[in-house]
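User: Hi! Could you walk me through this model before I set anything up?

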Amino acid sequence: MYQNGHIFYQSIHSRIPPSPSIVRSMDHLPDLSTEYALDPQDIADYQSNGFVLLRQLATQEEVAAYRPAITEPTEAFAKTYKPIEERDTYGKAFIQNINLWVHSEAVRKFTFAQRFAKVAAELMGVTGVRLYHDQALYKEPGGGPTPWHQDQQYWPLDGVKCVTLWMPLVDATEEMGTLKFAKGSQELGYLGPMNISDDSEVMLDNLVKERGYPIISAGDMKAGDVTFHNGWCIHGAPGNASSSTTREVMTIIYLEDGAIITEPDSPQRENDLKTWFPGLKAGDAAASEINPLLYSS
Ligand SMILES: O=C(O)CCC(=O)C(=O)O
């Protein structure tokens with residue numbers, strides 16, 4: 001909903017006071033509309049493997065300029081979490097700070113980057129993409145592994161092309177928890193409701209082994225490198241073995257423009273429908289005021 005010309009979104013984080021980065025001038029922030037030279041082989045790899053690693057979609061300087069706007073509120077939000085040893089598997093895996101763009105002009109500039117959205121559209125082979133949502137995922141030192149899962153099982157978007165951009169804001173080694181993918185597993189499509197948990201880890205680990213999908217790690221990544229993964233690609237991440245460095249990651253989830261919301265068949269999809277498509281229902285265009293068109297060719 002809009003209030004006084006501004007998007008007003010009542011999220012679980014709206015109680016957090018605006019960080020200083022929100023009121024800072026935007027002038028120092030680099031322009032992210034310049035193009036990335038995507039190789040046709042990257043598109044072919046994404047489409048056959050379900051994921052792709054791209055080096056320096058953003059430069060180290062660009063990331064450094066935007067990082068405070070993402071890290072300050074996420075560190076503040078992390079203080080609301082219980083000590084790591086008291087959390088469940090999901091809670092140990094990362095601090096999850098959602099839809100930062102609605103609270104910060106700087107993050108909005110990052111999340112709305114034409115460069116990123118155009119790559120997302122080209123990888124999926126679509127003419128336009130909308131924002132599903134953004135989220136910071138910070139794996140603390142000693143943070144637990146991210147169990148195997150499929151993202152799109154949470155989304156009321158069956159048959160819709162969706163992709164997640166996953167970008168470290170600091171250099172991140174494999175041992176700090178960069179993603180690993182079951183190559184080709186996106187071909188399975190929807191495997192049914194299966195929240196990120198110890199159960200999803202066991203069930204999908206068995207499935208990946210049975211089907212013989214190669215497990216490919218993104219390996220070490222520099223700040224500004226990215227992976228893009230298909231909403232159906234089975235993926236996870238190791239824990240953060242670092243004793244001092246948080247794996248700071250920003251993600252942006254895109255869906256193809258023109259998509260129609262599908263009937264939610266699980267509590268998690270009902271929840272996502274309410275949260276990410278406020279006021280909409282199955283059969284409506286997946287285009288609420290918090291799903292802006294980020295790129296159209
Ligand atoms: O950052 C992580 O550990 C998991 C991220 C993930 O699963 C995703 O972005 O889809």
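Predicted model: local features only at pLDDT ≥ 70, side-chain atom pairs only at ≥ 80, totals over all residues.

User: Thanks! How many helices and strands does the protein chain have?

Analyst: The protein chain has eight helices and 13 strands, taken as DSSP runs numbered from the N terminus (helices are H or I, at least four residues; strands are E, at least two).

User: Which residues are closest to the ligand?

Analyst: The closest are Leu137, Thr146, Asp151, Ala237 and Thr251, among 13 residues that surround the ligand. A residue counts as near if its C-beta atom, placed from the backbone, lies within 6 Å.

User: Which elements give two or more residues to that shell?

Analyst: Strand 5 (128–139), strand 7 (162–168), strand 11 (235–237) and strand 12 (247–256) do.

User: Switching to the core: which members touch the most others?

Analyst: Ala120 and Tyr254 do, in the largest nonpolar core, which has 79 residues. Such a core is a set of buried Ala, Val, Leu, Ile, Met, Phe, Trp, Tyr and Cys residues joined through C-beta atoms within 7 Å. Helix 6 (residues 114–124) supplies the largest share of this core, seven residues.

User: What does alanine 120 contact, leaving aside its neighbours within four places in sequence?

Analyst: Alanine 120 is in contact with Val129, Val163, Leu165, Phe228 and Tyr254, where contact means C-beta atoms, placed from the backbone, within 7 Å.

User: Now asparagine 99: is it buried or exposed?

Analyst: Asparagine 99 is buried, with 23 other C-beta atoms within 10 Å. The cut-offs, with C-beta atoms placed from the backbone, are 20 or more others within 10 Å for buried, 12 or fewer for exposed, and partly exposed in between. Asparagine 99 has a phi near 40°, a positive value in a residue other than glycine.

User: Last one: where does helix 3 bend?

Analyst: At tyrosine 66, by about 40°, and proline 68 follows within four residues. The bend is the angle between axes fitted to the seven residues ending there and the seven starting there. Tyr66 is also one of the buried residues of helix 3.

Conventions:
Residues numbered from 1 in each chain as written. Contact = placed C-beta atoms within 7 Å.
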